[in-house]
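User: I've got a model open and I'd like to learn how to read its helices and its core. Can you walk me through it?

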Amino acid sequence: LRGVFVKIGSRYYCVGALLVVLHGLINSAARPLLLREAVKALDPDRASPSRALIFAGALALSVLLDGWAKQQGMFYAGDVMCCQCISSGIHLISFKAMRLRA
């Protein structure tokens with residue numbers, strides 16, 4: 001069973017893990033930097049509305065991508081991997097039981 005679980009589940013686990021790592025990078029590195037630059041762009045001495053809008057748009061995009069990466073990572077590493085492993089395990093066990101019976 002372990003060999004089947006590794007072959008079936010490792011692909012979904014790796015995709016899920018990469019998406020969760022992307023979520024962590026966006027959440028801990030990109031979002032604070034974009035927020036800092038957006039606040040700096042609103043400085044009245046160096047006011048640049050287009051620059052502030054660009055950083056605000058990038059910040060909104062990072063929030064969207066952060067939420068998507070988190071949900072998809074949990075979906076792949078949790079739901080899809082578990083369902084694939086359970087269904088392949090049940091299929092393998094029933095196949096072996098039928099061979100033993102015959």
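User: At which residue does H2 bend, and by about how many degrees?

Analyst: A bend at a residue is the angle between axes fitted to the seven residues ending there and the seven starting there. Here H2 bends by about 35 degrees at Phe75. Keep in mind that this is a predicted model, where local features need pLDDT of at least 70, side-chain atom pairs count only at pLDDT 80 or more, and totals for chains, interfaces and linings use all residues. Residues are numbered from 1 along each chain as its sequence is written, and side-chain values use heavy atoms, with hydrogens and water left out.

User: Which residues of H2 are buried, and what do they pack against?

Analyst: An α-helix has 3.6 residues a turn, so residues three or four places apart point the same way. Buried means under 20% relative accessible area, exposed over 50%, partly exposed in between (1.4 Å probe, protein chains only). In H2 the buried residues include Ser62, Asp66, Ala69 and Gly73, and the buried residues of H2 pack against H1 (contact: heavy atoms within 4.5 Å).

User: Why does Gln72 count as partly exposed?

Analyst: Because its relative accessibility is 24%. Gln72 sits in helix H2, 55 residues from Ala17 in sequence, with 9.9 Å between their C-alpha atoms.

User: Which residues make up the largest nonpolar core?

Analyst: Such a core is a set of buried Ala, Val, Leu, Ile, Met, Phe, Trp, Tyr and Cys residues joined through side-chain atoms within 4.5 Å. The largest has six: Leu34, Ala38, Ala41, Ala52, Phe55 and Leu59. Helices H1 (2-41) and H2 (49-101) each give two or more residues to this core.

Key:
Helix = DSSP H or I, 4+ residues; strand = E, 2+ residues; numbered from the N terminus.
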